[in-house]
Every structure is written in structure tokens, then in C-alpha cells.
Amino acid sequence: MCEKKMNKPSLKFNLKPLNFQESPKNNTEKPPSDSTDTTRIPSRPTSSTSSHRDLSTGKLHLSDTKVYKFTSNDLIDRGVIGEGNFGIVCKMEHEKSATIMAVKRIRSTVDERCQKQMLNELDIVMRENTCPHIVKFYGALFKEGDCWICMELMDTSLDRFYKYVYHKLHQCIPESVLAYITLAALEALDYIKSRWQIIHRDVKPSNILVSRTTIKLCDFGISGQLIDSIAKTRDAGCRPYLPPERIDPIRATRDGYDVRSDVWSLGITIYEIATGYFPFREWTSVFDQLQQIVEGPPLRLSVDRLSNNCKDFVNTCLNKDENQRPKYKKLLEHEFVRKATTSQQAENAADYFSEIIDGLSENTDTFELYYYLPSDSSATLTPR
Ligand code: ATP
Ligand code: MG
């Protein structure tokens with residue numbers, strides 16, 4: 001049995017979801033010019049045909065042999081799956097192929113040239129995705145200023161999954177499953193970096209999706225670029241998985257975004273799913289967040305139930321000095337994830353996912369958005 005006590009959960013952020021009924025935005029803003037980001041997919045040279053691309057018509061690549069031209073009118077809305085800070089995710093059906101998919105609709109503030117570039121980038125990601133731990137993209141288009149991203153429908157996301165396990169069932173996710181999730185997430189992050197030169201920049205439980213057989217990473221690349229254009233206007237306090245070097249105002253503007261920032265976010269994510277709690281107490285201000293993450297003692301996972309290998313892995317990811325934080329290749333050699341590489345481990349994890357998803361789908365309760373570190377567990381925050 002796990003620790004059951006919890007702080008009163010509070011709302012994640014105080015931002016309202018976007019209102020998609022609003023009239024289209026006038027897209028006069030400049031495309032994001034992220035000087036620190038040298039890691040986006042290089043865009044393909046714009047051919048004369050693609051420069052005339054109709055952005056409200058896209059191609060759905062459901063498989064190598066099933067490719068459809070589509071517009072938003074070809075998709076039937078089957079209800080909202082979830083809402084984030086930048087948009088809404090709906091279950092939709094592509095009638096012609098009878099395919100059910102997840103469609104993420106994000107309010108875009110970028111101009112037409114940038115919209116074209118994003119669709120071209122997504123085409124590349126779609127064609128080349130051979131990693132089993134990256135969600136499949138089917139296609140994208142723009143409708144009235146919103147970007148619609150069609151992707152494979154998964155059963156749930158890791159945030160809902162762990163909250164159900166810890167706070168409804170009052171159980172813990174077994175360590176072997178934690179190791180499998182960590183390995184899969186690492187492989188996906190390593191893949192997007194080495195194959196497409198993409199740094200995710202938003203690693204967190206809600207961006208790791210769960211099906212009955214495996215887990216998959218989502219929300220990088222194209223949506224990252226859209227999100228950047230919005231996120232730049234918001235302070236770090238709205239982005240709780242950011243590492244110290246991205247929160248500290250001096251270092252954040254000076255240094256470019258490095259994969260090791262994603263390694264920190266992965267560490268927080270694993271900490272959270274290993275304990276059932278977001279590892280910091282609730283922040284009342286950005287200053288508070290700065291004090292805890294930048295100036296406070298290093299965060300340490302120190303739960304007796306977990307092996308030293310597991311704790312060492314997480315604590316290595318949570319090194320406050322990014323230069324001391326290993327990159328993916330090194331982390332993939334860590335004993336904690338090496339133990340998860342067997343097909344037996346994958347099968348066991350799949351059995352577990354299935355069992356939990358069965359329970360989750362029968363349970364229609366909504367879950368609180370955040371469970372913060374309980375106030376009596378300061379023992380987990382010990383100086384190194
Ligand atoms: P944020 O906006 O801060 O990034 P978020 O990741 O929760 O938060 P969205 O990316 O908009 O926001 O996703 C909303 C929810 O929709 C997710 O929490 C997840 O549960 C669900 N979801 C997203 N994509 C899929 C998918 N492909 N299949 C099934 N569920 C999905
Ligand atoms: Mg998301």
C-alpha cells in the first residue's frame with residue numbers, strides 16, 4: 001500500500017482553455033524566431049506546388065496503402081478527450097475509412113508561411129516514424145486559424161493512469177513497469193533527437209500516452225513550434241516541469257535549450273509516477289518556484305519501496321547542474337532501464353496496462369489535476 005495522504009489538490013494553472021467557437025484570429029503575428037533553438041527539423045525546400053498548398057486540405061496517411069485527401073468536413077466529432085492549455089483533443093471519426101483518431105486542435109498565432117512549414121515538417125515526421133514509442137501522426141491541416149493534428153488514438157495518458165492507480169486504487173505502479181515506461185520514453189526521446197534533431201521541451205505525464213500494449217510519446221515537433229509561440233508570452237511558473245536552468249532568468253536567456261533539460265523533465269515525470277505525487281509543494285508564485293527549484297536543495301527520490309537502481313536513475317536525471325546530467329545514450333546504459341529490455345518485461349508491462357485500462361474505462365470519475373508533494377514528506381527533499 002502506498003502513502004495515501006495528500007494535500008488538497010488545486011487547479012493546475014489559472015488559464016482558461018481556448019474557445020474554439022471564436023471567430024478566426026487574424027494571423028498577422030510574425031513566426032516564432034527562437035534564436036536558441038537550433039534543433040528543429042530542417043524544412044524541405046519549398047517547391048512551386050507546396051507554395052500553393054491549400055492549408056485547409058490535408059492528406060491522411062493511415063498506412064502505406066491507405067492515404068486520403070481530407071478536410072475538416074470529413075471528420076465527425078465523437079466527443080472531447082481532454083483539454084490542455086493550448087487547445088483541445090477530440091475523438092473523431094474519418095468516415096470514409098471508418099478510422100477513429102485523436103485530433104488535437106491548437107489555436108495558432110503563426111502566419112501562413114509558418115503554417116506551411118509546419119505542415120511540411122509534419123509530413124516528414126509522419127513518413128519516417130519507425131519508433132514504436134512515438135505516437136503515429138496521420139495528417140494535419142489548418143481550419144480558421146486553428147491547427148488540427150490527427151493522430152493515433154491511445155487509451156489514456158500517464159497522468160490519468162497514475163492518478164487512478166495511486167489515488168483511486170491506492171496501489172503503486174510496480175517498479176518493473178516504471179522501468180519499462182522509462183525505457184520506452186528514453187528510446188522515443190533519443191529517436192526524435194537523433195533522427196529529426198528535435199528536443200521535446202514538454203516532457204510530462206500528460207504527453208506520454210498509454211495503450212493496452214505499450215506507451216508512446218506525443219506533443220513534440222510541430223505542436224512544439226505552435227506552443228512556443230504561445231508559451232513565450234507566459235512565465236516559467238506556468239510550466240512546472242522546467243529544469244533550474246530554464247527557470248533561472250539569467251541562465252534561461254543565455255543558454256540554448258539542451259536535451260538535458262528534457263532529461264530533468266523526464267526525472268520529474270518518473271518521480272511523479274513512482275510516488276503518485278508531483279514532487280514539489282504547490283507554488284504560490286514564480287518566486288516560490290524559483291526558490292524551490294533553483295535555490296532549494298536538490299530533489300531526491302528516497303522511497304524505501306524502490307530499488308537503489310531506480311532511485312539512482314531518477315536522482316541522476318534530477319541533478320541541478322545540467323552539465324552533470326547525462327544525455328540519452330548514457331541513460332540507456334543505466335542498470336535500471338537495461339533490466340527492462342527483455343520481451344518478457346514488455347509483456348508483463350502490457351498485461352498491467354490492460355488491467356488498469358479496464359478499470360479506468362469503467363471508472364467515469366474525473367481526477368484532480370494535480371497531487372502535490374504532501375506537506376509531511378519533507379524527508380524526500382534532502383540535500384545531496
Ligand atoms: P498541456 O496543454 O499543458 O500540454 P496536456 O498535455 O494535458 O497539457 P493536451 O496535449 O491538449 O494537453 O491533451 C489533453 C489530454 O488529451 C491529455 O491529457 C491526454 O489525456 C489526452 N490525449 C492527448 N492526445 C491523445 C491521444 N492521441 N490519444 C488519447 N488521448 C490523448
Ligand atoms: Mg499534451
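The shell around ligand 1 takes at least three residues from domain 1 (29-152) and at least three from domain 2 (156-360). The model is predicted.

**Ligand 1**
- Around ligand 1 there are 23 residues, and the closest are Gly82, Gly84, Ala102, Ser157 and Ser206.
- By type, the shell around ligand 1 holds 10 nonpolar, 7 polar and 6 charged residues.
- At least two residues of this shell come from each of strand 3 (75-83), strand 4 (87-94) and strand 5 (99-107).
- Strand 3 provides the largest share of the shell, with 3 residues.

**Largest nonpolar core**
- The largest nonpolar core has 87 residues, of which Val103, Cys150, Met151, Leu178, Ala185, Leu217 and Val314 touch the most other members.
- Helix 3 (residues 175-196) contributes the most to this core, 13 residues.
- Domain 1 (29-152) and domain 2 (156-360) each give at least three residues to this core.
- Apart from neighbours within four places in sequence, Val314 is in contact with Gly267, Ile270, Tyr271, Ala274 and Leu301.

**Residues with positive phi**
- Most residues other than glycine have a negative phi.
- Ala98, which is not a glycine, has a positive phi of about 55°.
- Ala98 sits in the loop between strand 4 and strand 5, and it counts as exposed because it has 7 C-beta neighbours inside 10 Å.
- Asp219 also is a residue other than glycine with a positive phi, near 65°.
- Asp219 lies in the loop between strand 10 (215-217) and helix 4 (222-231), and it is buried, with 26 other C-beta atoms within 10 Å.

Key:
Residues are numbered from 1 along each chain as its sequence is written. Chains are lettered from A and ligands numbered from 1 in the order in which they are written. This is a predicted model: local features need pLDDT of at least 70, side-chain atom pairs count only at pLDDT 80 or more; totals for chains, interfaces and linings use all residues. A residue is near a molecule or strand if its C-beta atom, placed from the backbone, lies within 6 Å of it. Helices (H or I, at least four residues) and strands (E, at least two) are DSSP runs, numbered from the N terminus. Ala, Val, Leu, Ile, Met, Phe, Trp, Tyr, Cys and Pro count as nonpolar, Asp, Glu, Lys and Arg as charged, and the others, Gly among them, as polar. Domain bounds come from an automatic or database domain assignment. A nonpolar core is a set of buried Ala, Val, Leu, Ile, Met, Phe, Trp, Tyr and Cys residues joined through C-beta atoms within 7 Å. A residue is buried if 20 or more other C-beta atoms lie within 10 Å of its own, exposed if 12 or fewer, and partly exposed in between; C-beta atoms are placed from the backbone. Two residues are in contact if their C-beta atoms, placed from the backbone, lie within 7 Å.
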